[in-house]
Amino acid sequence: MYPELNQLDELSRRKFIQYTAKAFLGLGMSSGMNALIGAEKSPPIGSAKSVIYIYLDGGMSHIDTFDLKPDWKHQGPVDGIATNVTGLKFSAYLPLLARQADKLAIIRSMHSNQGAHEQGEYFLHTSYEPRGGDQHPGLGAWLNKLSGDTQSTLPGNIRIGDRNNLPGGCGFLDIKYDPLHLGNPFTGIPHARLHSELSAEDFKRRIELAKLMDLSFERQYASKALEAYTDVYKDAIKLMGSHDLQAFDLNQEPAKLQAAYGVEQSQFAASCLLARRLVEAGVKFVQLSSGGWDTHSNNHSIVESRCHQIDRPIATLLDDLDSRGLLDETLVVIGTEFGRAPVIDQNLGRNHHPQAFTCILAGGGIQGGQVYGATDERGHSVVDNLVTIPDFNATIAHALGLPVDQVFYSAGGRPFQVAGKGRPITALFG
Amino acid sequence: MKVYRVLLSLFICSELLGFVITDKAGRTLRCDVIRLEDATVTLRRLSDGYVFQYPLAELSLKDQRYLSDLFASGGPLMTRPEASGKFLVRPVIKTKKHLNASHRIDAIIGRHWDKHAITGTSLIDDEVYLRRAYLRIIGRIPTSAEAVDFLRKKSPHKRANLVDILLDSTGYVSHQFNFWADLLRVRTIGLDGTQRAGVYYAPWIKQQIAKNVAYDDFVRTLLTAEGYAWDNPAVGYYMRDEGMPLDNMALGLQAFLGIQLQCAQCHDHPFAQWKQKDFYQLAAFTHGIQTEVDLRVAKTGKLKTLLDSGKKTHLQSDIKRLIALHEKVADQSDSLQDLVNFDSAKVMFMRPFRWGVTHNEASLKLPDDYAYADGSPGEVVKPKLLFGDEVASDLRHVEGRIQAYAEWMTAKDQDRFALMIANRLWRFAMGRGVIEPVGVVDDFSQAESPELLQFLGSLLRYLDYDLKQFLRIIYNTQFFQRIAVIDHPDIEDDYRLQGPVLQRMTSEQVWDSFATLMRPAIDPVMPSEYTGQWVETRYSSLGPPPAVELFREKNAGRYLEHIQGVAEFYKPYYSVLSKYRITKRQNPKFYVEPRFEALRERFTQAQERWFLLHNPGREFVQAVPGAKHQSSKRDGLDPEARRQEIMRTMVRASELASPMLDGHLLQVFGQSDRHKIDNRTLKGNLLQALFLMNASEANEYMANYSMPVLEAGYAESVEEQLELIFLGFLSRKPTASEFDLLIDDLRLDPEGAKSHFIWAMLNTKQFLFIQ
């Protein structure tokens with residue numbers, strides 16, 4: 001009767017039925033109705049409440065890391081090593097992560113249509129191609145907008161790392177969802193502490209004085225705009241005295257754990273540890289970056305040194321989250337804008353390769369120890385279960401329980417979705 | 001009264017009026033202070049621009065002391081061409097006649113009130129007027145000296161005079177630039193081509209403002225621009241949207257005519273009348289504009305139009321020679337290693353030529369997913385205007401099409417063109433448009449007062465789009481001098497033009513006001529050039545990049561030889577570079593640890609040599625390794641050195657990158673990201689409050705070194721000190737109760753009291769909001 005119906009994918013079919021039910025019966029579909037019309041059982045939604053997003057900036061070579069091609073002539077010098085998952089091999093550059101493989105879902109069938117960095121990273125962070133007008137929000141902004149307030153006095157969306165110009169900020173959403181960018185993991189929120197020469201008592205005195213000076217002004221111009229500033233000051237003062245700020249103090253961690261992360265060795269390691277502390281303190285979305293993956297020359301040695309940088313910190317992070325019982329509610333994402341070409345070029349480098357690459361998810365209800373999708377014998381094309389960037393982001397959103405089908409409108413009236421046209425890969429959830 | 005007498009003797013009137021210099025004999029002269037060297041001060045007489053030198057010792061003692069302090073702390077140092085008179089702001093024509101229009105506007109508003117049976121707000125006093133005029137006309141608060149100067153004047157025309165003075169100052173250019181940067185989404189960062197062109201485009205826009213170029217001429221120049229940015233900076237308009245011509249067209253249409261056509265790029269507009277076909281028909285006019293010079297397909301494809309055109313401009317001759325060179329370069333491939341080196345050098349020398357605007361004959365086709373009955377995918381689209389009469393130009397060729405588009409947009413009978421900018425400028429001055437929102441307008445008759453809006457539109461056309469005269473007229477209305485009203489965002493129709501609207505300062509106004517507090521004579525402080533760097537190639541607004549100069553000097557063969565010479569040095573340079581990068585990455589304290597000093601030194605030397613090979617004759621400036629490092633460096637300085645460092649680097653927002661990132665104060669206070677038109681925000685956030693309460697800049701710096709404090713240092717009484725500081729921060733004198741509250745503290749513990757109440761002033765709402 002409705003041949004189109006069979007062509008719709010599961011979720012939009014569900015929506016359609018829901019709509020029809022509403023339209024004809026004048027009510028929403030109750031669970032009883034659900035059983036009545038035999039709709040499929042809803043896919044499992046992840047248990048994630050927060051995200052630690054590790055961005056490998058520049059395009060990680062999948063062939064040299066998580067998708068080895070030992071029989072391919074351009075594989076290069078790296079060997080595969082066994083992981084703690086039977087039959088799964090990682091590159092020998094990642095010995096510690098290999099021991100955490102049972103927590104990881106390796107998606108080897110990533111595919112993007114953006115082959116340049118700027119466009120590629122925009123797509124990765126927003127699920128949309130860059131346009132001249134509306135800027136698209138990143139997942140951190142969506143998550144904070146859609147999941148309501150927290151008890152924490154800290155901002156809900158924080159980025160740690162060298163680069164401050166990554167896309168995927170608040171986009172057209174309210175500026176308060178824009179990530180707070182910390183140049184490095186040691187500085188904390190700028191000016192969050194009382195100025196060193198000022199006593200708490202004097203601070204109070206100054207606040208009172210400012211109020212006094214503003215008395216007649218406030219009376220004359222009483223308005224929402226002024227009230228909003230009063231609230232902002234209240235929040236700021238609350239934060240200044242807040243226990244949450246201690247989240248930024250890495251020295252509260254035992255020396256042994258700091259060493260396990262490798263805090264002394266790299267800022268990246270310190271960022272991983274800070275990310276865990278922030279998530280514990282109620283921050284919903286923390287993104288950190290590891291740079292230098294754009295291996296146009298000397299691919300092998302550079303990938304080795306990059307892997308060396310991330311191996312210990314990420315492995316420790318996963319272990320640490322797990323042992324604290326935080327892994328179920330914390331989704332760890334390892335994302336990159338594209339992969340690298342199977343062929344080694346004249347500079348001993350690998351070129352950009354959006355056709356096929358690898359990204360990783362862990363925690364947050366994701367079933368660990370699995371490989372999803374596959375590439376051909378060169379790592380050139382996806383041969384099984386292709387996952388687009390929007391699909392990948394929809395999966396993250398799904399893990400967080402965000403509505404990927406819901407349409408939101410920008411101020412200009414244009415429609416957007418959390419992960420664009422992406423569909424979540426429900427098979428990844430345990 | 002006593003305070004007032006002392007204030008009268010203040011020798012610095014206003015930076016805008018120039019400094020009033022007093023010599024030992026008590027004679028005074030208005031002039032710009034340009035330099036202080038070897039106890040000789042270089043001055044420019046304001047009346048005629050005559051530049052001369054004068055021994056410092058011949059000036060009054062007060063002036064000697066003040067000028068020495070001023071220069072010790074980094075200002076004013078007018079290094080840009082303006083100091084020598086090359087970049088003067090064209091004065092607005094100051095006739096009484098024009099001000100009749102101000103009365104007409106007030107009369108129209110009066111009738112509007114009558115119609116709604118309301119009255120407008122009362123007129124504001126001089127103190128409120130002063131702050132509003134400075135912020136609204138030149139984008140910053142007045143200095144205490146400027147405040148004293150204005151408040152003590154008795155003339156009944158002093159407000160009108162102030163408007164004229166402000167409109168003719170460099171601060172006007174700075175403030176207007178922010179308006180245009182928001183509207184045109186001017187970026188000097190971002191996409192490669194955007195950045196490179198931005199180096200030339202941003203200062204060019206300022207020049208157009210300074211020259212007060214008529215608005216319609218300005219827009220026509222943008223729309224028809226062609227060439228490289230160093231030859232024709234107006235191409236920045238297209239380069240800004242490098243590779244996104246359809247978006248550029250849609251956003252240009254929105255900026256100039258207030259029509260939102262972007263939706264129609266992908267489908268028929270859901271709310272308005274526009275079809276997808278309309279979009280493509282309009283885009284067909286500008287489709288021939290190409291933002292990349294692609295030499296690889298030079299002969300066959302997109303550059304053909306240009307080569308066939310027979311024009312003899314820089315662009316044509318450059319491209320012809322480039323194509324010849326490109327063919328030679330393609331033959332170079334001896335050994336692999338050589339090629340690597342050569343490629344790296346080649347990129348430096350060939351790449352700058354990529355970023356230019358050319359016109360070609362390529363025709364626009366409907367997209368592959370075109371789904372409407374009025375066309376089919378892949379069909380060639382013929383240019384057709386959205387409305388109005390077809391233009392006479394020859395549409396068969398690209399030049400004719402672009403001309404036709406520009407003529408249509410700016411035509412005298414194009415109502416939208418005049419109404420849109422008139423409404424925007426009204427909001428710029430009054431805080432709220434006659435019709436809101438100002439960005440996309442479907443129906444101008446929905447304006448709060450259609451009569452007013454129509455009058456403003458015809459006025460602008462009558463003035464031949466002289467924007468400055470237009471602003472002069474509206475700044476001279478009674479309306480501009482009325483008490484601000486609250487614009488409730490949630491209540492519709494509560495605004496009936498009772499007066500201007502209370503509004504938080506824009507982020508640029510906040511920043512520029514801070515700059516005013518921190519550095520004397522901030523307005524004329526502009527970099528003598530805009531610079532940018534793409535890998536090793538240095539771009540400067542003063543001329544083409546070195547590679548281009550070199551290319552124009554040499555023939556293709558010699559240019560190639562030069563590139564090969566540079567390639568020789570690539571390998572040793574690269575080995576130092578990679579060692580440096582890896583070490584830096586592995587060691588968080590790379591910049592401070594002594595054991596890396598040798599490597600840092602070696603790297604700097606290699607970098608310098610590499611730089612000079614690419615930029616012969618240019619000054620090598622070592623790249624700053626990140627703001628973090630810089631600020632920690634600053635933290636280590638003693639207070640005086642630190643003050644001078646801050647002072648030295650302080651410039652107005654218009655002189656910084658567009659936009660600023662990295663948690664810069666401008667970003668924190670909501671500067672537009674300049675992706676979308678008018679994308680600034682005036683909302684508060686956590687970081688703003690934290691900065692104002694806790695940053696050193698708001699604490700000991702303001703208390704000890706700010707300009708009002710510096711000037712108060714010359715005051716003869718405590719009362720006068722208090723008054724000067726209030727004027728400097730809040731542009732008003734202390735109220736009687738404030739005076740009583742603070743004066744004893746100031747007597748007993750001057751330092752402590754100052755730091756308390758200055759902090760308090762910065763954290764008031766009256767500091768941030770424009771009444």
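User: Is W204(B) buried or exposed in this model, and how do I read that?

Analyst: The model is predicted. Burial is read from relative accessible area, and under 20% counts as buried. W204(B) has a relative accessible area of 11%, so W204(B) is buried.

User: Which aromatic residue pairs with W204(B)?

Analyst: F218(B) is the partner. To class a pair, look at the angle between the ring planes; under 30 degrees counts as stacked. Here the planes lie 20° apart and the centres 5.8 Å apart, and the pair is stacked. W204(B) sits in helix α8 (residues 192-210) of chain B, and F218(B) in helix α9 of chain B. The two are 14 residues apart, and the pair links distant parts of the chain. F218(B) has a relative accessible area of 6%, so F218(B) is buried as well.

User: Why is the pair of W180(B) and Y215(B) classed as tilted?

Analyst: Stacked pairs have planes under 30 degrees apart, edge-to-face pairs over 60, and the rest are tilted. The planes of W180(B) and Y215(B) meet at 35°, so this pair is tilted. Their ring centres are 5.7 Å apart. W180(B) belongs to helix α7 (residues 170-184) of chain B and Y215(B) to helix α9 (residues 215-223) of chain B, so the pair ties together parts 35 residues apart in sequence. Both W180(B) and Y215(B) are buried.

User: How many aromatic pairs are there over all chains, and which residues form a cluster with W180(B)?

Analyst: The whole structure holds 47 aromatic pairs over all chains. One aromatic cluster is formed by F179(B), W180(B), Y201(B), W204(B), Y215(B), F218(B), F417(B), F428(B) and Y465(B).

User: What stands out in the backbone of Y465(B)?

Analyst: For Y465(B), phi is near 60°, a positive value in a residue other than glycine. Y465(B) lies in the loop between α18 and α19 (467-475) of chain B. Its relative accessibility is 0%, so Y465(B) counts as buried. R674(B) also has a positive phi, about 60°, although R674(B) is not a glycine. R674(B) is in the loop between α27 and α28 (686-694) of chain B. At 2% relative accessibility, R674(B) counts as buried.

User: Which residues are in contact with E508(B)?

Analyst: Leave aside neighbours within four places in sequence, and E508(B) is in contact with G139(B), N178(B), D182(B), A653(B), L666(B), Q671(B) and R674(B). E508(B) is found in helix α20 (residues 507-518) of chain B. E508(B) has a relative accessible area of 2%, so this residue is buried.

User: Which residues touch the most other members of the largest nonpolar core?

Analyst: That core has 304 residues, and W180(B), F256(B), W426(B) and F757(B) touch the most other members. Helix α17 (residues 415-430) of chain B supplies the largest share, eleven residues. A second, separate core has 44 residues, including Y177(A), A397(A), L400(A) and A419(A).

User: What does F757(B) contact beyond its neighbours within four places in sequence?

Analyst: Check the chain letters. F757(B) is in contact with L209(A) and M213(A), and its contacts in chain B include L722(B), I725(B) and F726(B).

User: Which residues lie nearest the centre of the second largest pocket?

Analyst: Y128(A), E129(A), R131(A), K421(A) and C266(B) do, out of 32 lining residues. The space in this pocket is about 880 Å³. By class, the lining has 13 nonpolar, twelve polar and seven charged residues. α11(B) gives the most to the lining, three residues.

User: How far apart are F416(A) and H136(A)?

Analyst: Compare sequence with space. They are 280 residues apart in sequence and 8.3 Å apart in space, C-alpha to C-alpha. F416(A) is found in strand β17 of chain A. F416(A) has a relative accessible area of 6%, so F416(A) is buried. Its contacts include Y128(A), H136(A) and F172(A).

How values were computed: Residues numbered from 1 in each chain as written. Chains lettered and ligands numbered in written order. Predicted model: local features only at pLDDT ≥ 70, side-chain atom pairs only at ≥ 80, totals over all residues. Heavy atoms only, no water. Core = buried A, V, L, I, M, F, W, Y, C linked by side-chain atoms within 4.5 Å. Buried < 20%, exposed > 50% of the residue type's maximum accessible area, 1.4 Å probe, protein only. Helix = DSSP H or I, 4+ residues; strand = E, 2+ residues; numbered from the N terminus. Contact = heavy atoms within 4.5 Å. 1 Å grid on protein atoms, 1.4 Å probe; cavity = no way out; pocket = protein on both sides within 12 Å on 5 of 7 lines; lining within 4 Å. Points joined across faces, edges and corners; volume = space filled by probe spheres on them. Nonpolar A, V, L, I, M, F, W, Y, C, P; charged D, E, K, R; others polar. Phe/Tyr/Trp six-rings, centres within 6.5 Å; stacked < 30°, edge-to-face > 60°.
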